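Subject: Structure handover

Hello,

Here is the structure you are taking over. Please open it before reading the notes below.

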Amino acid sequence: MKGRVAERWLEAAYGGAAWLRLLRPLETLYRLVVARRVAAYRSGRRRTWRAGVPVIVVGNLTLGGTGKSPMVAWLGRHLAERGWRPGIVSRGYGGSATDYPLRVTETTPVDRCGDEPRMLARQTGLPVVVDPDRPRGGKALVEAGCDILISDDGLQHLALGRDLELVIVDGRRGFGNGRCLPAGPLREPLGRLEEVDAVLVNGAPSFAMPERGWTFRLAPMQWRALRDDSRFPLLPLPFSGPVHAVAGIGNPGRFFATLAEMGIEARPHGMADHHAFTERDLAFDDGLPVVMTAKDAEKCQFLAPADSWVLEVEAQPDAGFAAWLDARLEALR
């Protein structure tokens with residue numbers, strides 16, 4: 001029930017539902033709290049830790065899925081290809097670890113580290129550390145030999161100093177009604193965009209492109225059989241007929257739309273972001289194949305039926321962004 005309520009609220013926030021006006025007094029209070037917190041860090045009343053190596057924060061201004069995790073994976077691979085030794089620090093939402101910092105590998109139980117960190121460890125092969133205290137997690141990565149840090153979804157975590165801030169935005173959803181929580185989907189006022197280094201828009205923007213903005217796309221790359229991790233090309237499809245498509249991500253509709261663009265007849269089953277899957281969620285009585293995202297696969301590996309498939313996607317940013325990033329990184333080096 002909680003997940004469905006959150007989904008309905010998110011739809012209202014992006015759709016500009018009139019009833020959200022009732023929440024504007026709470027929005028005013030929220031904005032005041034955000035402003036006071038920012039002022040505390042800027043004045044030095046709250047401490048910001050500097051890593052001694054470059055730190056890139058990849059974050060969201062909005063709630064809901066934007067394609068942030070695939071962009072973090074692309075960034076990690078891009079840095080490694082250019083001779084850096086990157087490490088990724090994450091909050092580890094949904095994880096239940098009690099001892100931090102937690103070094104994440106492909107075999108770390110997903111209920112300890114959360115789905116996104118384990119997916120990033122699997123996709124990049126880079127050091128990934130989960131820690132609610134991001135400076136502490138970042139310190140562990142530096143001590144492990146990393147010479148540049150990527151903070152996954154750390155835009156609002158001001159205790160971690162940063163050299164570059166990248167904001168990810170969904171091209172279709174944009175900034176919704178432009179209001180802050182709980183009257184809209186914004187974590188911070190839109191004016192925050194004037195302070196960040198770059199804005200990366202997932203897909204064609206339905207709004208005026210921000211200054212220092214580039215687009216990127218999530219490109220399907222291959223299929224992975226969940227039962228044994230074997231890989232298959234996009235075509236021919238390794239399964240036949242219609243499928244059940246499950247997605248417990250921030251924007252399930254994007255996944256379903258991708259399948260439709262690929263010509264796959266899918267019966268959609270959208271869940272809340274970070275949904276805790278059970279066997280019942282995947283127990284369909286018609287024998288049809290099941291397809292899912294890489295993020296969901298981290299939690300469904302031992303729950304899904306044998307005929308289950310993962311669609312692997314990669315972020316593909318504009319060449320202009322890659323050139324801009326390389327120039328900025330060279331200056332940091």
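Predicted model: local features only at pLDDT ≥ 70, side-chain atom pairs only at ≥ 80, totals over all residues.

Residues are numbered from 1 along each chain as its sequence is written, and side-chain values use heavy atoms, with hydrogens and water left out.

Strands are DSSP runs of E, at least two residues long, and helices are runs of H or I, at least four, numbered from the N terminus. In a regular strand the side chains alternate between the two faces of the sheet. Here Val55, Val57 and Gly59 are buried on one side, and Ile56, Val58 and Asn60 on the other.

Strand 1 runs parallel to strand 5 (residues 148-152), joined by 4 bridges, and parallel to strand 6 (residues 164-170), joined by 5 bridges. Pairing requires at least two DSSP bridges. Val55 stands opposite Leu149 in strand 5, and Ile56 has Leu164 as its bridge partner in strand 6.

Ile56 is also among the residues with the most contacts inside the largest nonpolar core, which has 35 residues. Such a core is a set of buried Ala, Val, Leu, Ile, Met, Phe, Trp, Tyr and Cys residues joined through side-chain atoms within 4.5 Å. Another core, apart from the largest one, has 22 residues, Val55 among them.

Regards

Note on methods
Buried < 20%, exposed > 50% of the residue type's maximum accessible area, 1.4 Å probe, protein only.
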